[in-house]
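Dear colleague,

Please find below the structure that I am handing over to you.

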Amino acid sequence: MSNTLCNFAEMITSKVMEKKKRKEWKDFKFNLFGTTWRVHFVDFIPREPDEHPKYVCYGKTNDTLETITIAKGSPDGDKFSDEKISFTIYHEIVHACLGTGCYNESNNDEPLVEFIGRCLSSLVKQDVFEYAKE
Ligand SMILES: [Zn+2]
């Protein structure tokens, strides 16, 4: 095969593998202190009129409706990686936790929320919580 053909075959193979690797995100629910939270996935979260034209929202938590919306891409048509979507789920669940308790002030501390989300993601990947189950 010529180099061009090889490169083309490689490109197609990696595109197919990339597609296979992509997770199919499904809506789910969880219970937090008796409240049912619904998590749903959308192709993108539209920009609000007052937001910067390049602003990208990855996820939103609505404490009143007890819903979490997770974007799978941007309003510009970019697709987010599975890793980015996963981190966003952790991040938004931390928002739900802080909003449920009496930690609403901390709920606006985005670096804190992101840090706790990243910690949880790392611990879950290691199955650490298996040891903590009753
Ligand atoms: Zn946030």
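Strands (E, at least two residues) and helices (H or I, at least four) are DSSP runs, numbered from the N terminus. The model is a predicted one, in which local features need pLDDT of at least 70, side-chain atom pairs count only at pLDDT 80 or more, and totals for chains, interfaces and linings use all residues. Residue numbers start from 1 along each chain as its sequence is written.

Let us begin with strand E3, residues 59-62. In a regular strand the side chains alternate between the two faces of the sheet. In E3, Gly59 and Thr61 form the covered face, while Lys60 and Asn62 form the uncovered one.

Two strands pair if DSSP finds at least two bridges between them. E3 pairs with strand E4 (residues 67-71) in the antiparallel sense, over 4 bridges. Asn62 stands opposite Thr67 in E4.

The hairpin of E3 and E4 has 4 residues between the strands. Glu66 lies in that loop and has a positive phi of about 55° although it is not a glycine. Most residues other than glycine have a negative phi. A residue is buried if 20 or more other C-beta atoms lie within 10 Å of its own, exposed if 12 or fewer, and partly exposed in between, with C-beta atoms placed from the backbone. Glu66 is partly exposed because 16 other C-beta atoms lie within 10 Å.

Phe33, in the loop between strand E1 (28-32) and strand E2 (35-42), also has a positive phi, near 50°. Phe33 counts as exposed because it has 7 C-beta neighbours inside 10 Å.

Yours sincerely
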